[in-house]
Amino acid sequence: MHWGHAISKDLVYWEHQPIALYPDSLGYIFSGSAVVDWKNTSGFGTPGNPPLAAFFTYHNPDIEQAKEIEVESQGVAYSTDKGRTWTKYEHNPVVKNPGIRDFRDPKVFWHEASGKWVMALASGQVIRLYNSPDCINWAYMSEFGTGVGSHDGVWECPDLIPLKVKGTDETKWVLIVNINPGGPAGGSATQYFVGDFDGKTFTSRQEKTLWMDHGRDNYAGVTWSDAPDGRQILIGWMNNWQYVGEKPCEKWSGAATFPSELGLDKVQDLYLLTSEPVKELENLKAKIVQLDAVKVDKSFIISDKIDFAKAPVELKLKFDQEHNTQISFASRYGVRLKNAKGEYITIGYDNLEKFFYVDRTNAVGEVFSDKFAGTHAVPYIVNTPEIEWTLLVDVASVEFFTAGGRIVITDVFYPSEPFDVIEVFTTNGQMDLTGGSVTELKSIWNN
């Protein structure tokens, strides 16, 4: 119920700092966001030393215990020493509860066109938008969400960002909304809406529910304010509320995803969010082994070709979707991570039914939840001659990116022994692996 703190100069090497925010008489410290108040609109700093402002949800356990509605409100804290120490605003909360039980996760950004701060707040099953001239005095503007998207769970952790459509000069706004439960793979997940924002109201013509990640374990991600070069960079929480408290571990319960850069593609009349690992991952790379082209028939053990630890690694694989005959074309192909205990996780593509999938039925050493095991899939027709896969494999997780970042699947696993075998497999036929690489990744905590 605190805000932890870590710092980094490059998004990949991180250094722990003391806890930033502690609970107080107003409640626990829930999720939120932080900004640089460049113009010192808040007066928390000076023009020569603009402050950082952190916005967070107060969750009051006493009010919750009394079964009253107004459990959550929004507070602000500020720092004038680059976030090393924080001071809570003495007149918190700055956004009081309007009579909504689930009222949390403020994401704040500066909207230059209107000259005001904008706050997106999860409010039951809609997102409410507020504005402020000074980070302190907030006024309600509008809400979005009724009758659109998935409403199978509570809406949480919103984010509202502008993105330029790839290859064009068009800019659209993307509203990211986390939901729990109700995800496409079960439990927690992140949906998004593409539309327009005029400084007061967000609108979207999108009719289809779209998901940022089709795995089980990428939730509550938030983008950075003022990222370099105007990029939108997000880190998520690798967990799922269906089994968050039941996992047989401590160190790897609730890790963060690798940072990913968000983009926007337009396919006919549909806008699709893309997500790919940030270029700064180059700073983590150590040994690189290039893979020669090979025709895979049932099994090809990649890990036999490398002499370094199997995780953490980056796998880049290119598959030929064009020059295989119908007779020999594999019905399924993909990657398995395995160990000597017979435990494994499968990341694959079904050529017949046209979907990507992850099967982690056998990816644990002990059964700790009846909701963890299973297979989840996302329909996608590969219509390019070649397709590239990127897999970021850590000791307890895999983040899978393909189709130019349009398909992302993030999943954790808990084998009794680390997966130390990397296999490319095919089912009922052959598949041309036209090339790729395996790259050793250094620890983010040891630079």
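Me: How do the residues lining the second largest pocket divide into nonpolar, polar and charged?

Reply: In this predicted model, the lining consists of 13 nonpolar, four polar and two charged residues. Closest to the centre of this pocket are Lys208, Leu270, Leu272, Pro379 and Tyr380.

Me: Which element gives the most to the lining of the second largest pocket?

Reply: Strand β19 does, with three residues.

Me: Why is the contact between aspartate 159 and lysine 107 called a salt bridge?

Reply: The N to O distance is 2.6 Å. A salt bridge requires these atoms to lie within 4 Å, so the pair qualifies. Aspartate 159 belongs to strand β11 and lysine 107 to strand β7, so the contact ties together parts that are 52 residues apart in sequence.

Me: Why is aspartate 265 called buried?

Reply: Its relative accessibility is 12%. The side chain of aspartate 265 meets that of arginine 406 in a salt bridge, at 3.1 Å from N to O.

Me: Why is arginine 406 called partly exposed?

Reply: Arginine 406 has a relative accessible area of 28%. This value lies between the limits of 20% and 50%, and therefore arginine 406 is partly exposed.

Me: How do you know whether glutamate 423 is buried or exposed?

Reply: The relative accessible area of glutamate 423 is 7%. That is under 20%, so glutamate 423 is buried.

Methods: Residues are numbered from 1 along each chain as its sequence is written. This is a predicted model: local features need pLDDT of at least 70, side-chain atom pairs count only at pLDDT 80 or more; totals for chains, interfaces and linings use all residues. Side-chain values use heavy atoms; hydrogens and water are left out. On a 1 Å grid over the protein atoms alone, a cavity is a set of points where a 1.4 Å probe fits but cannot get out, and a pocket is an open set with protein on both sides within 12 Å along at least five of seven lines; lining residues have an atom within 4 Å of a point. Helices (H or I, at least four residues) and strands (E, at least two) are DSSP runs, numbered from the N terminus. Ala, Val, Leu, Ile, Met, Phe, Trp, Tyr, Cys and Pro count as nonpolar, Asp, Glu, Lys and Arg as charged, and the others, Gly among them, as polar. Buried means under 20% relative accessible area, exposed over 50%, partly exposed in between (1.4 Å probe, protein chains only).
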